[in-house]
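Trainee: Could we go through this model together? I would like to ask things as they come up.

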Amino acid sequence: MTSRLDELNKKLQTNTSQGLASRNSSSSPSSLRPPVNPSLRPPPSASGANRGLFPPLNSVQRASSASQARKKVHLKPGHSPLDWARINRTEPQYKLRGVAPNTPPPQYVRIDKDELKKHRTRDDCWTCINGKVFNITPYVDFHPGGVDEIMKCAGRDGTALFNKYHSWVNADRMLENCIVGVFTKD
C-alpha cells in the first residue's frame, strides 16, 4: 500500500515540476493571462460607445438634454436609505402599516380603487405596486427622488411609474413592513 502511495506522489511531483518548468519557459504576457470565458463578456451593443454605461443611453433615467436634467434632491439628515432600513427593521409592523395592532395580516385585507383614492395626501399616503397596497406615508421623506416625485403615485396604482424609473428595485422588500393589503380591481 505504501509503495503505491509513494509511486503516486513521485508521479504528481514530476508532473507538477514539468508544468511549472513549461510555464516559466514561456513568459510572454499572453501566457500569464487567465483564459477568457466568452460567457462573462458584456453583451454586444448597437454602438461600442454604449458598452458598460449605466443607465443605458436610451434610458429615461439618463438626461438627454439640459432641459431634462434631473434635479438633485437633498434629503433631511437621518433620512438616508440606511436610516430607512434601520426603521424598517426596528419599528413594529403595525406602525409602519398605519393600522391598529389587531388588524388582520395584509394578505387577508382587500383594498379596492375607491379606498385607495382616499389615501392621497402627504399625511396619509397609500399606493399600489404590483397588486399590493403600501402605506408609503412613513417612507415619503426617505424617497431619493423627493416628496414631489413619490406623491405622483399617491392614492393610485403606481406600478407603471415605479417600473419606469426603477424596475430593478424590490418594492416588496423595501416596503415589507408598510404593506396594508392586496389590491382588488373591483
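Mentor: Let us start with a definition: helices (H or I, at least four residues) and strands (E, at least two) are DSSP runs, numbered from the N terminus. Residues are numbered from 1 along each chain as its sequence is written, and side-chain values use heavy atoms, with hydrogens and water left out. This is a predicted model, in which local features need pLDDT of at least 70 and side-chain atom pairs count only at pLDDT 80 or more, while totals for chains, interfaces and linings use all residues.

Trainee: Okay, where is Thr127 found, then?

Mentor: Thr127 is found in strand S3.

Trainee: And is Thr127 buried or exposed?

Mentor: Thr127 has a relative accessible area of 0% and therefore counts as buried; the cut-offs are under 20% for buried, over 50% for exposed and partly exposed in between, with a 1.4 Å probe and protein chains only.

Trainee: What does the side chain of Thr127 reach?

Mentor: The side chain of Thr127 reaches the backbone oxygen of Arg156, at 3.0 Å. That is a polar contact, meaning a pair of N or O atoms within 3.5 Å, where within protein one must be able to donate a hydrogen and the other to accept it, and residues adjacent in sequence count only if both atoms are side-chain atoms.

Trainee: Where does Arg156 lie?

Mentor: Arg156 lies in the loop between helix H6 (147–150) and helix H7 (159–166), and with 41% relative accessibility it counts as partly exposed. Leaving aside neighbours within four places in sequence, Arg156 is in contact (heavy atoms within 4.5 Å) with Leu116, Trp126, Thr127, Cys128 and Leu161.

Trainee: Back to Thr127 for a second, which residues is Thr127 in contact with?

Mentor: With neighbours within four places in sequence again left aside, the contacts of Thr127 include Leu116, Lys132, Val133, Phe134, Cys153 and Arg156.

Trainee: Changing topic, what is the order of the strands in the sheet?

Mentor: The sheet is open, has 5 strands with mixed pairing, and runs in the order S1-S5-S4-S3-S2. Its edge strands are S1 (110–111) and S2 (120–121), each of which pairs on one side only; two strands pair if DSSP finds at least two bridges between them.

Trainee: How many bridges join S4 to S5?

Mentor: Strand S4 (residues 132–135) and strand S5 (residues 179–183) run antiparallel and are joined by 3 bridges, and Lys132 stands opposite Val182 in S5.

Trainee: What about the loop between S3 and S4, which residue lies there?

Mentor: Asn130 lies in that loop, where strand S3 covers 124–129, and Asn130 has a positive phi of about 55° although it is not a glycine.

Trainee: New topic: how many salt bridges does the structure hold?

Mentor: The structure holds 7, where a salt bridge is a side-chain nitrogen of Lys or Arg within 4 Å of a carboxyl oxygen of Asp or Glu. One of them joins the side chains of Lys132 and Asp172 (3.0 Å, N to O). Because Lys132 lies in strand S4 and Asp172 in helix H8 (residues 171–174), that pair ties together parts that are 40 residues apart in sequence.

Trainee: How exposed is Lys132?

Mentor: Lys132 is partly exposed, with a relative accessible area of 30%, and Asp172 also counts as partly exposed, at 33% relative accessibility.

Trainee: Which residues are linked in a network of salt bridges?

Mentor: Lys76, Arg122 and Asp141 are linked in such a network.
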